[in-house]
Amino acid sequence: MKTHQLNALLAIVLAASLFAACKKDKADDAALSTIRPTTAQSNAYVTQLIEFNPAPGQFVNTTISDTTAATGTLKTIQGLVSLGAWGGYITVGFDHTVMDRDGQADFIVYGNAFASFAEPAVIWVMQDTNGNGKADDTWYEIQGSAYFKPGYIRNYSVTYTRPACDTCSVPWKDNQGKTGVVQTNVFHTQAYYPKGIKSNTVTYTGTLLPSTNINMSNPSFITSASFDYGYGDNSAGGDQIDIATAIDAKGNKANLKGIDFIKVQTGILANMGWLGEQSTEFTGAADLSLLKK
Ligand SMILES: [Ca+2]
Ligand SMILES: [Ca+2]
Ligand SMILES: [Ca+2]
């Protein structure tokens with residue numbers, strides 16, 4: 001290649017990379033321009049219920065797993081809503097953008113876990129990048145400690161089928177060829193299949209967490225140990241989450257400046273004997289920068 005050809009090529013490469021850098025800056029600018037800064041009036045807690053879609057479960061169709069219970073988790077940590085079996089979720093929003101603080105956790109998700117009993121949820125975050133106030137942008141998964149451990153599956157989905165009778169166990173089939181049931185028990189005799197779902201099957205999609213922490217060797221003392229970090233309904237007192245741990249669909253860092261919405265989704269698919277299915281409870285969420293120390 002002659003020198004002037006090489007120079008021309010270099011010029012093209014340089015122009016292309018400048019264009020790419022410029023495009024990236026524009027994307028960053030757009031993401032920055034829709035940030036809603038905190039004000040003196042900002043609520044530390046989530047203030048908006050966007051969506052509540054429980055999966056079948058022993059508390060579904062009762063007062064601890066309905067829209068009133070879901071709304072009760074706003075502006076407080078004293079709410080309680082059960083999300084049902086794997087895939088059931090709640091989506092809530094803050095009244096401001098929760099910013100990613102360098103090297104620190106940014107928000108906290110509350111549940112009712114205690115030392116030997118966690119029902120871990122996958123936490124998803126979204127920035128309102130198009131600024132329309134709706135959760136119609138991109139969800140990013142918080143990368144917790146179970147990431148790619150045996151039993152962890154992304155792009156997982158489960159289809160539940162309406163059972164033949166209210167007290168019949170709810171059959172499911174996943175996208176890995178496995179089948180099973182959400183087992184009904186004598187303590188809860190209402191229908192486990194969500195009343196709000198009119199069709200006879202319903203499919204949930206998300207990430208499956210390993211059920212390896214569940215220990216049923218002593219049937220009268222079934223335990224479900226917490227993961228190390230990064231999940232909802234996982235640690236006593238709540239789980240602190242660092243926005244910097246959010247990853248995209250390919251597993252790359254999302255590099256979000258802040259987030260407006262969170263989705264908490266039951267992450268384990270398992271029956272635990274007489275205790276019923278693993279089903280996350282969500283009791284509230286807060287911006288750590290606004291919580292009184
Ligand atoms: Ca952070
Ligand atoms: Ca939006
Ligand atoms: Ca729980």
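Student: Leaving aside neighbours within four places in sequence, which residues is Ile 262 in contact with?

Tutor: The model is a predicted one. Two residues count as in contact when their C-beta atoms lie within 7 Å. With neighbours up to four places away in sequence set aside, the contacts of Ile 262 are Val 92, Ile 123, Trp 124, Val 125 and Ala 285.

Student: How many residues does the largest nonpolar core have?

Tutor: Ile 262 is among the residues with the most contacts inside this core, together with Ile 90, Ile 123, Val 125 and Ala 285. The core has 62 residues.

Student: Which strand gives the most to that core?

Tutor: The strand in question covers residues 121-126 and supplies six residues to the core. Its name is E5.

Student: In the open sheet of three strands, which strands stand at the edges, and why is one side of each left without a neighbour?

Tutor: The order of the sheet is E13-E4-E17, with antiparallel pairing. An edge strand has a single partner strand, so one side of it has no neighbour in the sheet. Neighbouring strands here are turned by 20 degrees against each other on average, direction ignored. The edge strands are E13 (239-241) and E17 (284-287).

Student: Which residue in E13 stands opposite Val 109?

Tutor: Strand E4 spans residues 107-110 and pairs with E13 in the antiparallel sense over three bridges. Opposite Val 109 stands Asp 239.

Student: Is Phe 148 buried or exposed?

Tutor: Phe 148 lies in the loop between strand E6 (140-142) and strand E7 (153-161). Its phi is positive, about 60 degrees, although Phe 148 is not a glycine. The cut-off for this class is 12 or fewer other C-beta atoms within 10 Å. Phe 148 has 10 such neighbours, so it counts as exposed.

Student: What phi does Asn 255 have?

Tutor: Asn 255 is placed in the loop between strand E14 (246-247) and strand E15 (258-266). It has 13 C-beta neighbours inside 10 Å and therefore counts as partly exposed. Asn 255 is not a glycine, yet its phi is positive, at about 50 degrees.

Student: How far apart in space are Tyr 152 and Ile 268?

Tutor: Tyr 152 sits in the loop between E6 and E7, and with 17 other C-beta atoms within 10 Å it is partly exposed. Not counting residues up to four places away in sequence, Tyr 152 touches Ala 146, Tyr 147, Leu 208, Leu 209 and Pro 210. Tyr 152 and Ile 268 are 116 residues apart in sequence, but their C-alpha to C-alpha distance is 9.5 Å.

Key:
Residues numbered from 1 in each chain as written. Chains lettered and ligands numbered in written order. Predicted model: local features only at pLDDT ≥ 70, side-chain atom pairs only at ≥ 80, totals over all residues. Pairing = 2+ DSSP bridges. Helix = DSSP H or I, 4+ residues; strand = E, 2+ residues; numbered from the N terminus. Axes fitted to C-alpha atoms, helices over the stretch in contact; angles between N-to-C directions. Core = buried A, V, L, I, M, F, W, Y, C linked by C-beta atoms within 7 Å. Buried ≥ 20, exposed ≤ 12 C-beta atoms within 10 Å, placed from the backbone.
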